[in-house]
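Visitor: I am new to this structure. Please show me how to read its features.

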Amino acid sequence: MPNRDKLHIAGFPAWPLVTALLFLAASLTPSMIPRSWIVQGALSGALMGLGYLIGRFLLLVWRSLGLTALPGRTAWAILDAALLAALAVAGYALWQHGIWQDDVRLRMDMSPAESAHLLRIVGLAAGIFLVLMLLGLAVQRVFDMARRRLTHVMPQGAANVLGLLIVVLAMFFLTRDGLVDRLVAVMDESFETAQRLFDPERPAPEDPMKTGSAESLVSWGALGKPGRNFIADGVDAARISGFTGRPAKEPIRVYVGRAQNDDPEIRARIALSELIRQGAFERKILIVASPTGTGWLDPGSFDAVEMMHDGDTASVAVQYSFMQSPAALIFETRSGLDQAEATIRVIHDYWRDLPPVSRPKFYIHGLSLGAWSSMYGVNGFRMANDPISGAFWAGPPFPSDLWNRATRNRDEGSPEILPVLADGEAVRFMSHYGGLDRDYAPWRNLRVIFLQYSTDAIVFYDPASTWRPSDWMREPLAPDVSPNFRFIPVVTQFQMAMDMAIAMSVPGGHGHAYYLPDYVLAWAELTEPANWSPGESARLTAFCDAEVQQGCAAR
């Protein structure tokens with residue numbers, strides 16, 4: 001009888017098929033974000049390939065250790081039992097998949113998925129698995145060919161090692177070249193996007209006090225589409241008065257495009273000069289914001305704070321990239337950090353020399369990659385004598401240093417998903433399910449708020465969860481996380497990576513889709529507008545929802 005590591009099914013070693021089936025089952029368990037059949041099929045196929053690879057590796061280790069094979073009949077019995085068990089587990093997971101995914105969807109107020117997706121998932125997963133197997137066989141053929149040729153000039157053992165080294169190096173250079181090609185493609189696409197941004201889709205403002213007007217120090221054409229939308233689509237004094245019933249000022253918004261100048265220091269100084277020109281330092285509130293990679297700023301956040309302060313605000317942002325945030329983070333890591341550091345430093349240096357009794361309150365703000373870069377721009381030593389009033393960071397990506405330090409130093413017993421730090425005297429965390437309503441100690445001079453949703457993998461992704469669960473996985477789960485969520489070594493890491501990729505595919509208040517009601521609560525807590533109450537926050541949210549077609553609500 002053949003021993004167990006020689007057994008094959010349809011040309012594939014049987015034991016690695018067992019691990020592939022187990023990985024298929026594990027891939028179907030729920031994580032943070034509900035998955036469409038395409039996403040699920042791709043994830044399952046990739047994890048089946050990984051499971052098969054792990055199974056092959058374990059067989060290699062078995063052989064390398066020289067362990068004695070079991071008798072043929074025993075080997076067959078164990079293999080049959082293992083295959084049946086793996087098939088049963090995979091079948092159960094496929095049967096439960098729709099229930100698991102609908103549970104996640106319903107927790108996010110999404111409609112149930114169509115019931116006919118199971119066959120599509122299986123078909124796509126099988127197709128991807130077979131493609132990966134063919135690629136693996138091709139690599140195996142190259143390795144066999146290399147080591148056979150090398151055995152003519154060296155011992156078998158040396159030929160095996162050198163053959164493996166040759167294959168690994170060949171794959172490295174092929175992958176490297178592919179990565180460079182992809183990088184070029186991304187840059188080309190970004191360049192084309194930038195060219196489109198130079199072509200204004202709307203005329204420059206006629207108001208001389210607006211950014212991009214004929215009297216402005218900022219070029220309207222060089223603002224790019226995100227900048228023009230930020231300037232032109234903001235709420236005006238009439239809409240603010242329509243909500244408050246009081247006279248209102250025209251909010252000041254300054255934006256400097258990436259195309260304005262190649263030097264981040266010069267762009268920062270242009271932003272400062274434009275703020276001075278428009279009288280921003282005579283306002284009550286000054287917000288220095290960092291945009292996402294493309295230069296986008298969530299309008300709902302700025303609309304909210306402008307309306308609650310009767311337009312007596314000034315907001316400024318400087319673009320540092322044309323790329324989507326993931327590409328900007330990978331390929332232009334320094335661009336966002338350097339721009340945030342220059343912008344905050346230049347404006348803070350000017351602000352700190354103004355009379356404290358008349359200068360505006362100074363706040364720093366950022367969403368996603370903007371939060372990450374603006375945290376870097378906060379220099380505690382420079383601000384020691386003249387600290388800012390506070391910071392509001394939404395959806396901070398998991399590498400964010402200040403967020404990580406605050407989370408790690410949370411009060412004992414407080415959960416990672418919504419921590420408490422030093423009884424909330426300087427830093428407070430909030431989510432869609434609260435956080436600011438706790439019984440904290442009174443605020444000190446500096447106020448910092450982190451807004452983070454419990455299903456946002458961009459915030460809670462943990463590279464170490466490859467082999468051990470993150471703290472939040474061991475704690476009571478948030479209401480929008482399925483109770484069927486389970487940590488599975490290696491598999492959870494891939495699920496979380498996929499959750500990051502599709503984090504914007506869910507309704508506001510979940511994933512990475514930050515939205516106006518939570519912006520309203522955060523800004524009200526941070527800036528303490530006059531005559532404001534929780535009822536006013538609810539009324540502002542309802543007002544903006546009713547005015548969504550006019551650009552008031554978050555998009």
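**Reading the sheet**

Guide: Start with a pair of strands. Strand β4 (residues 285–290) and strand β6 (residues 361–367) pair in the parallel sense over six bridges. Two strands pair if DSSP finds at least two bridges between them. Within this pair, alanine 289 stands opposite histidine 365 in β6. The model is predicted: local features need pLDDT of at least 70, side-chain atom pairs count only at pLDDT 80 or more, and totals for chains, interfaces and linings use all residues. Residues are numbered from 1 along each chain as its sequence is written, and side-chain values use heavy atoms, with hydrogens and water left out.

Visitor: How many helices and strands are there in the protein chain?

Guide: There are 18 helices and nine strands. Helices (H or I, at least four residues) and strands (E, at least two) are DSSP runs, numbered from the N terminus.

Visitor: In what order do the seven strands form the open sheet?

Guide: Strands of a sheet pair through backbone hydrogen bonds, either parallel or antiparallel. Here the pairing is parallel, and the order is β3-β5-β4-β6-β7-β9-β8. β3 (252–256) and β8 each have a single partner strand, so one side of each has no neighbour in the sheet. From one strand to the next, the twist averages 15 degrees.

Visitor: Which residues of strand β8 are on one side and which on the other?

Guide: In a regular strand the side chains alternate between the two faces of the sheet. In β8 (residues 427–430), Val427 and Phe429 lie on one side, and Arg428 and Met430 on the other. All four are buried. Buried means under 20% relative accessible area, exposed over 50%, partly exposed in between (1.4 Å probe, protein chains only). β8 pairs with strand β9 (residues 447–451) in the parallel sense, over four bridges. Methionine 430 has leucine 451 in β9 as its bridge partner.

Visitor: Which residues touch the most other members of the largest nonpolar core?

Guide: In soluble globular proteins, nonpolar side chains tend to be buried together. A nonpolar core is a set of buried Ala, Val, Leu, Ile, Met, Phe, Trp, Tyr and Cys residues joined through side-chain atoms within 4.5 Å. The largest has 96 residues, and Phe392, Phe450 and Trp523 touch the most other members. Helix α17 (residues 516–527) gives the most to this core, with seven residues. A second, separate core has 23 residues, including Leu24 and Leu28.

Visitor: Is leucine 28 buried or exposed?

Guide: Leucine 28 counts as buried because its relative accessibility is 0%. Leucine 28 is found in the loop between α1 (14–27) and α2 (37–64). Contact means heavy atoms within 4.5 Å. Leaving aside neighbours within four places in sequence, leucine 28 is in contact with residues including Arg35, Leu94, Trp100 and Ile121.

Visitor: At what angle do the axes of α17 and helix α18 cross?

Guide: Axes are lines fitted to C-alpha atoms, for helices over the stretch in contact, and angles run from 0 to 180 degrees between N-to-C directions. The axes of α17 and α18 (residues 534–546) cross at roughly 145 degrees and come within 9 Å. Leu516, Pro517, Val520, Leu521 and Ala524 in α17 meet Ser537, Leu540, Thr541 and Cys544 in α18.

Visitor: How much of the protein chain is buried?

Guide: Buried residues make up 50% of the 555 residues.
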